[in-house]
Amino acid sequence: MARSWDKAAVVLCMDVGLAMSNSFPDEESPFELAKKVMTMFVQRQVFAENKDEVALVLFGTDGTENALAAGDQYQNITVHRHLMCPDFDLLEDIESKIQPGSQQADLLDALIVCMDLIQEETLGKKFEKRHIEVFTDLSSPFSRDQLDIIIHNLKKSGISLQFFLPFPIGKQGGTGDRGDGSLLSDHHGPSFPPKGITEQQKEGIQMVKKVMMSLEGEDGLEEIYSFSEALRQLCVFKKTERRSMPWSCQLTIGSNLSIKIVAYKSITQEKVKKCWTVVDARTLKKEAIQKETVYCLNDDDETEVSKEDTIQGFRYGSDIIPFSKVDEEQMKYKSEGKCFSVLGFCRSSQVHMKYFMGNQVLKVFAAKDDEAAAVALSSLIHALDELDMVAVVRYVYNEKTNPQVGVAFPLIKDAYECLVYIQLPFMEDLRQYMFPSLKNNRKCTPTEAQLSAVDALIDSMSLVQKDEEEGTIEDLFPTSKIPNPQFQRLFQVGSVNPAENFRVLVRQKKATFEEASHQLINHIEQFLDTNETLYFMKSMDCIKAFREEAIQFSEEQRFNNFLKALRDKVEVKQLNHFWEIVVHDGVTLITKDEAPGSSVTTEEAKKFLAPKENANADSAAAFEEGGDVDDLLELI
Amino acid sequence: MFESQDEDELTPFDMSIQCIRSVYTNKIISSNRDLLAVVFYGTKKDKNSVNFKNIYVLQELDNPGVKRVQELDKFKGQEGKKYFEDQIGHGSDYSLSEVLWVCANLFSDVQFKMSHKRIMLFTNEDDPHGDDSAKASRARTKAGDLRDTGIFLDLMHLKKRGGFDTSLFYRDVIIAENEDIGIHFEESSKLEDLLRKVRAKETRKRVLSRLKLKLNKDVTLTVGIYNMVQKAYRPPPVRLYRETNEPVKTKTRTFNVNTGSLLLPSDTKRSQTYSHRQIVLEKEETEELKRFDEPGFILIGFKPLMMLKKHHYLRHSLFVYPEESLINGSSTLFSALLTKCLEKEVMAVCRYTPRRNSPPCFVALVPQEEELDDQKIQVAPPGFQLVFLPYADDKRKVPFTEKVMANPEQVDKMKAIVQKLRFKYRSDSFENPVLQQHFRNMEALALDLMEPEQAVDLTLPKTEVMDKRLGSLVDEFKELVYPPDYNPEGKVTKRKKDDESYGSKRPKVELSEEELKAHVSKGTLGKLTVPALKEACRMYGLKGGLKKQELLDVLTEHFQKA
């Protein structure tokens, strides 16, 4: 949700210098990877629809364009885009406008430009967070003289930093909230120092580490990511974390003891916020549609009655009892306002996890800047921890909400300690089902062989690595660090996976090949009509799928007709860019060699992709009039 | 049934009536579509459709309602006993097979389909037809007939002097189901025992879904998913026609504003707008957007149980139990998996897709061993708890308060406080006061009572008892942790506010036109405070709204024009 207090200013600071384009054969260059990560980030921002503003600063550009440039200072640094809401234009810029430069620029100079930009352009606007994300391979030289001033200024102005590098830097397991097992990739990637890096880069890594350590301490190192890490977990972007509203209250024990507390939601299920609005199929406008609810009697004519002639009632078993809103308001339970009151303490084993309910976890801290409260709460936290007990509390958010009974248990970390509150069920919420015993049941008692097979299965599928010497257990699959694929999916637009759907349809014979290909062609048409690169790639997937399946099902003629028609359409609609992709990927007509039913020779197929002037007149002749959606479909 | 064993004990009859009443009121709250009936046997009078002797149908199968609860109340206590004697009376004889016959008739009189039929027999007579083997054998045959037609028969046996011996008669009558479940109840001497026994039987297990659990490419078993905790809400209101108090139906229709014509679902599409660009999909496509995998579990691997973090709770857990009906041998494999997970203290991490169009999530299957209480009632069934694990997106970084550690003396004092307020938590200790009050209100309105009975709010702390138990401990603790002038109830922020708003600090803002112009041209107007900006707006007679950005816009516009 877009709330002003949660607004952030983000500068994407990307190295486009010479070395960024270097890569090993068959690997994407750091330049391409950085673009990918940025694209993912901006996509996410666009769809998150918050009021965050994003700027883009490039360094290592051939030209220079920034407010600080003078003489030989701050050269080869370009402010590509000033702070503003991200949109599709920015995405397109990243996709196509950013080109690798042939120069090198000082990373620290670029940082200063970014800081200057943030400070100037956020003036007078309220931003909760200011943030710079640096994408670089660290291969350009930099001058250290200003490092301390930079760190000082970053701290002073509350600007946070994140670094994205082509390689992992090998960091120790962190502390605090993120510290429950280090990031996945660290254990698969090379450990420190990464191979094949230059002296300059080593120096760069030291500098980056120093900056992050001075800014955030040990935790700072966790804000240095490798590109592959970032691509895998979009959530690394600091920005996308949602902040919780503080809830201030007093923890009370009896009538005489209270401790000032503040609580935050620490875990709650993030759902896709935006919902689909219903629009008219023809005009695509939602204003054209209205919904109305009518009431009617339960008689044969379904006689309509107006809302005013109805009253509210409730079922009480077999009876329906009229009960007006006013009466209800007057007689209903009233909670007497917010509270966090201890009802009693019990052994922690009595409050089993299976009883946890509700939709949130609260972390309860002592009130800010109140040492007395902090000591009092700390006493409670440690008392509970040492006794292995928990508090059962009554929690009311405010006078309008219903009371809850929940458990508050201690959580002690290196950096902080708190109580964790989770709701518990009321008697009415419990379902006491009984199930047949599995133990003394002859029908389902496993044999020794079965048991040992399961035993072996568990051992072979362990998700942890035990270090016997250090006595530590490492989580190889920390699920709580993996982002929800549902959000990622939202960020691809358009029909979800037409290529895959098509394959399934034809293989499972749920639709005839003809029907399925019709649908697929429709999708391709729609994609192309957008004239956007993102969709071109999707179209390509569809076309490739179509081609493969056509060969499988001896429907080569259908595909060839389609592709020929497509070529003509591309010409009419000026989608040359798209056709280049087709040519580049070498997707051509299905030849005799591939499918016996085809009459196309390899030679002809090659020619088909050649530029139009040289094209075989025969193959195109039949489709001279082509170029419309309907035509394309008719051909099949 | 009407004699109590001890002076202050309830008679078995009283206990049964109270138990039935509680079932009625619970049904009203939880599942008001269920049908209930009450039949007395061994009565003097008789009332039933086939005119059998000694059988009195008090209530036919129907939804529980206020009137029926009131009727049951008449049989409560000493007065109830008298009322029973006057109205119905004790008989000398009965035939259990006839009783079962009457009950079966009640079921067949109901017109619609029932998913579940059950007879609960409340008795403290362990050998009803000891001297009449013909009657006993007829009862056994009848019980068998009921089983064949899908009617369950449960024995709710009550305490009998010398012990209730099920082997005398009932073991042969009640066999079938219980042998499967392997649960043999003890006789109940207390109301709460009886209530638990009844509740365990009367709640019908409803499986949420039956899914495949894939251990690897080749090995799959099927499991059923159950909800053991489910938030109970106040039932939704129904709309009634003012004149007759009869419920009305609601219909929703979609129409086109311009033409007024009704729209069919196919006349609409779904749309979202991002950054001024509209994305339009068919309704089916929006559904498909959510589709990832086929429904089911895919095993990813195992982790030690101790790695499950209590504070990583996402949503209430579910229960997993094998489902033999789809894949044979599921129970055996499940049982092996459960045994080994318990033994090795590991949980299974899986990818779980509950339905076709729902996104997948990570879950931990936490093994749970079967547990029985001293009444041999199952309190924890054998199976796996399905615990949802959060995604990275679900976690939030919270701005934590700096750690200030308490010293051992302070911690010890708090330990003493904690020990004083120790109690045994039971998951059913607390009733929902909101729901309870709602139903009290309903009851009062239904019975035309003047004032509804106030529900006891069990969620309120019993401060008096607590204070008494704590005694001087609270003051001792406060002395240890709070400075003398510290007020833990006071609001820190309030004091601050007072200082600022009423103190002398408030600056009188006056800015020259030059200064303002300079700010506008340099774009540094935002450095000024809101009061300063307001003052500036007032000076030039500009209406600028309340927000800073609005003030800035107005001033910038003014000077740029000028």
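Student: How many aromatic pairs does a search of the whole structure find over all chains?

Tutor: The model is a predicted one. Over all chains, the search returns 38 aromatic pairs. Consider the rings of Phe435(A) and Tyr321(B): their centres are 4.7 Å apart and their planes meet at 35°, which lies between the limits of 30 and 60 degrees, so the pair is tilted.

Student: Where do the two partners of this pair lie?

Tutor: The pair crosses between chains. Phe435(A) belongs to the loop between strand E18 (417-424) and helix H9 (448-460) of chain A, while Tyr321(B) belongs to strand E12 (residues 318-322) of chain B. Both Phe435(A) and Tyr321(B) are buried.

Student: Which residues do ring pairs link into a cluster?

Tutor: The cluster consists of Tyr433(A), Phe435(A), Tyr226(B), Phe319(B), Tyr321(B), Phe334(B) and Phe384(B).

Student: Are Phe513(A) and Phe553(A) buried or partly exposed?

Tutor: Buried means under 20% relative accessible area. Phe513(A) has 8%, so this residue is buried; Phe553(A) has 28% and is therefore partly exposed.

Student: How is a charge over a ring read in this model?

Tutor: One looks for a charged side-chain end above a ring face. The charged end of Lys142(B) sits over the ring of Trp101(B), at 4.7 Å from the ring centre. Another case involves both chains: Lys310(B) lies over the face of Phe409(A), 4.4 Å from the centre of that ring.

Student: Let us turn to sheets. In what order do the three strands of the open sheet lie?

Tutor: In general, strands of a sheet pair through backbone hydrogen bonds, either parallel or antiparallel. Here the order is E13(A)-E12(A)-E7(B), with antiparallel pairing. The edge strands, E13 (319-322) of chain A and E7 (238-241) of chain B, each pair on one side only. On average, neighbouring strands of this sheet are turned by 50° against each other, direction ignored.

Student: How many bridges join E12 of chain A to E13(A)?

Tutor: Four bridges join E13(A) to strand E12 (residues 310-316) of chain A. Tyr316(A) stands opposite Asp319(A) in E13(A). Helix H12 (residues 433-446) of chain B lies across E12 and E13 of chain A, at about 105° to E12(A).

Student: Which residues of helix H2 of chain A are buried?

Tutor: In H2 (residues 88-97), the buried residues are Phe88(A), Leu90(A), Leu91(A), Asp93(A) and Ile94(A). At the start of this helix, a side-chain oxygen of Asp87(A) comes to within 3.2 Å of the backbone nitrogen of Asp89(A).

Technical notes:
Residues numbered from 1 in each chain as written. Chains lettered and ligands numbered in written order. Predicted model: local features only at pLDDT ≥ 70, side-chain atom pairs only at ≥ 80, totals over all residues. Heavy atoms only, no water. Buried < 20%, exposed > 50% of the residue type's maximum accessible area, 1.4 Å probe, protein only. Helix = DSSP H or I, 4+ residues; strand = E, 2+ residues; numbered from the N terminus. Polar contact = N/O pair within 3.5 Å; in protein donor to acceptor, adjacent residues only side chain to side chain. Pairing = 2+ DSSP bridges. Axes fitted to C-alpha atoms, helices over the stretch in contact; angles between N-to-C directions. Contact = heavy atoms within 4.5 Å. Phe/Tyr/Trp six-rings, centres within 6.5 Å; stacked < 30°, edge-to-face > 60°. Lys NZ or Arg CZ within 6 Å of the ring centre and 35° of its normal.
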